[in-house]
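Student: Could we walk through this protein together? I'm new to reading structures, and I'd like the terms spelled out.

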Amino acid sequence: MLLFDRGASLVTCLQAGSVGLAMAAIGGACAAPLPAAPPAETNTKTRVAASRSISVLPLAMPESRQPEATIELPPADCTKEACLALTFDDGPDTRTTPMLLSLLKDYDVQVTFFVLGSQVHKYPDLTKQVHSDGHEIGNHSWNHSDYTKFKPVQMLDDFDRTQRLLEELDIPTPTLFRPPYGARTAAVDATIPLSIGLWNVDPKDWAFNDAKKLARNVLATAKPGGIVVLHDVKPTTVAAAKVFIPELMKKYRLVTVSHLTGHNAESPKGVVSSQ
Ligand code: NI
């Protein structure tokens, strides 16, 4: 096992043995190439350490009591690394989102949630947790109405209601709007004062009831620079995430839409996508 002190200086290098990390001593230092991730059933923290950071386990302490520190990788540079943005729509929902948040925390992955104002109204504390866990929050309308059927004044009312509620909860107001169903017209684009956050990878999670098959489809459709549309309100999607997140982490840095695209509050209004 590779051991660092908190100042990141190298302490020693041992064979990882049962942990399964392939590390070699080179010239007195440890070379720690990212190993192939272990199967999904194995210890989550081990996988996180293997994929994103190096676990620090002090010697001579009972394993169950060891405080664990990690040395984080620098933020992803998506101009040089293969990045992928996972997006989860239509929530949050207490039946499914907490399990996803827990999974994302285990892997230290930040994603983008396009929330419905009506769900935020039902679950304000859960929405606050989404934000406090470091995820990006985008506006996905109040109640999933098709804005192409609205007059501009109706669009704005609906959109603003969600923005205002998030503001009331002390959550940074979204800088991205994802129209329900991706339904847009020139009037929608002109009326909504935010950039439109679309997607370019759709594994069609709504069509799957088998988590393994969905996970395979997510992995098959993912591509560098991808913005993947998923739904955290679907139990199958959350179950599949247990499989596809560690697999995706072998090939991609998983980031928010804004991180992937460089979008921020000062960006000119437009359609935010990638490649
Ligand atoms: Ni939706």
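Tutor: Happy to! Let's begin with a term: buried means under 20% relative accessible area, exposed means over 50%, and partly exposed is in between (1.4 Å probe, protein chains only). Keep in mind that this is a predicted model, where local features need pLDDT of at least 70, side-chain atom pairs count only at pLDDT 80 or more, and totals for chains, interfaces and linings use all residues. Residues are numbered from 1 along each chain as its sequence is written, and side-chain values use heavy atoms, with hydrogens and water left out.

Student: What percentage of the 275 residues counts as buried?

Tutor: Accessible areas come from the Shrake-Rupley method with a 1.4 Å probe, and for residues only the protein chains shown count as cover. The protein exposes about 13500 Å², with 54% of it supplied by carbon and sulfur atoms. As for the 275 residues, the buried share is 47%.

Student: How many helices and strands does the protein have?

Tutor: Both are DSSP runs numbered from the N terminus: helices are H or I with at least four residues, and strands are E with at least two. Going by that, the count is nine helices and 14 strands.

Student: Which residues coordinate the nickel ion?

Tutor: Donors are N, O and S atoms within 2.8 Å of the metal (3.2 Å for Na, K and Ca), and water is not among the atoms, so sites may look incomplete. Here the donors sit at 2.1 to 2.2 Å, spaced D-x49-H-x3-H in sequence. They belong to D90 (OD), H140 (NE2) and H144 (NE2).

Student: Why does H140 count as buried?

Tutor: Just check its accessibility against the cut-off. H140 is buried because its relative accessible area is 3%. H144 is buried too, at 17%, while the value for H140 is 3%.

Student: Where does α8 bend?

Tutor: Helix α8 (residues 235-248) has 14 residues and spans 19 Å from first C-alpha to last, close to the expected 20 Å. That expected span is 1.5 Å times one less than the number of residues. A bend at a residue is the angle between axes fitted to the seven residues ending there and the seven starting there. In α8 the bend is about 40°, at A241.

Student: How far apart are the C-alpha atoms of T236 and F208?

Tutor: T236 lies in helix α8, and it touches F208, N209, D210, A211 and L214, not counting residues up to four places away in sequence. Contact means heavy atoms within 4.5 Å. T236 and F208 are 28 residues apart along the chain, yet their C-alpha separation is 7.1 Å.

Student: Is Y181 buried or exposed?

Tutor: Y181 lies in the loop between β10 and α6. Its phi is positive, near 65°, though it is not a glycine. Because its relative accessible area is 58%, Y181 is exposed.

Student: Which residues does a cis peptide bond join?

Tutor: Look at the loop between β7 and α2, where P92 is found. Omega is about 0° for the cis bond that joins G91 and P92.
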